[in-house]
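These are my notebook entries on one protein chain.

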Amino acid sequence: MKKIVITLIGLFASIYVTAQEHLSFKGIPIEGSMTSFCQKLKDKGLTQIGTDNNITMFVGDFTGRQASIGVGATDDGKSVHSVIVLFDPNDEWKNLVNIYNYYKELYTRKYGNSSACKENNPSRLDSNIALMHELTQGTVTYASAWEVTGGTIELSIEKASTYGDGIVVIKYRDAQNVETKIQNDLDEI
């Protein structure tokens, strides 16, 4: 009798995991093979520009804006688990905040209020130079996150690789695939 109960509990746990939804990007569930997911992005008009360290990069349109899009794979490079959107670097704080606020409003309309939000720029001056300096020093925190069905979405303003520039970043992390990676890592240790 105990074996049957344990088997049924395991079966229900398996059904729950497979019934859980995956997070979507551009209407495509973040699941399955990298090859298949990347092909679906190409079918949506994105152009693949390269692959490095289990990240496949694309360029193309995201909600009417030109963006670079990275697709993250598991350590073996076979399965997709995350997507990151990078908008063009900008040296104007006002432009960065406008883009950030636009996407914050979009995600709030779709998913409700963010589950976490911190918007702090410690600059005492309201000049672009002072605000961008704080960003490049790493003292600015402009970020919001949404816990949604299937995963998390994070929106932030970050310093860019070019000194004096900032960048708006959106990260999609699929909960099931991240949990699978964690379980694989736990098995390994």
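**Entry 1: salt bridges.** I began with E119, which forms a salt bridge with K104; their closest N and O atoms are 2.7 Å apart. I then checked where the two residues sit: E119 is in strand β7 (residues 116-120) and K104 is in helix α3 (residues 93-111), so the pair links distant parts of the chain, 15 residues apart. E119 is partly exposed, at a relative accessible area of 35%. I noted the general principle that side chains of opposite charge can pair when their charged atoms come close.

The model is a predicted one, and I counted four salt bridges in it. Another of them joins the side chains of R109 and E105, at 2.9 Å from N to O. Both residues belong to helix α3, and because they are four residues apart, about one helical turn separates them. R109 is exposed, with a relative accessible area of 68%, whereas E105 is partly exposed at 41%.

I also looked up R173 and E154, whose side chains meet in a salt bridge of 2.7 Å, N to O. R173 lies in strand β10 (residues 166-174) and E154 in strand β9 (residues 151-159), so this pair ties together parts that are 19 residues apart in sequence. R173 is partly exposed at 33% relative accessibility, and E154 is partly exposed at 27%.

**Entry 2: helix α2.** Which residues of helix α2 (residues 34-43) are buried? I found M34, F37, C38 and L41. Viewed down the axis of α2, the buried residues fall within an arc of 95°, so they line one face of the helix. In general, an α-helix has 3.6 residues a turn, so residues three or four places apart point the same way. The cover over the buried residues of α2 includes β1, β2, β4, β5 and β6. The face turned away from the buried side carries T35 and D43, which are exposed. After α2 comes G45, with a positive phi near 100°.

**Entry 3: a surface patch.** I182, L186 and I189 form a nonpolar patch on the surface, with about 330 Å² of accessible area together. I182 is found in helix α5 (residues 175-188) and is partly exposed, at 39% relative accessible area.

**Entry 4: confidence.** The protein averages a pLDDT of 85, and 89% of the residues score at least 70. Where is confidence lowest, and where is it highest? It is lowest in helix α1 (residues 2-19), at a mean of 39, and highest in β4, at 96. Over residues 1-19 pLDDT stays under 50, and the model has one contact for them beyond four places in sequence. I recorded a caution: where pLDDT is low, the predicted coordinates should not be read in detail.

Note on methods: Residues numbered from 1 in each chain as written. Predicted model: local features only at pLDDT ≥ 70, side-chain atom pairs only at ≥ 80, totals over all residues. Heavy atoms only, no water. Buried < 20%, exposed > 50% of the residue type's maximum accessible area, 1.4 Å probe, protein only. Arc of directions from axis to C-beta. Contact = heavy atoms within 4.5 Å. Patch = residues over 30% accessible without salt bridge, like charges linked within 9 Å, V, L, I, M, F, W, Y side chains within 5 Å. Areas by Shrake-Rupley, 256 points an atom, 1.4 Å probe, with all protein chains shown as cover. pLDDT = per-residue confidence, 0-100.
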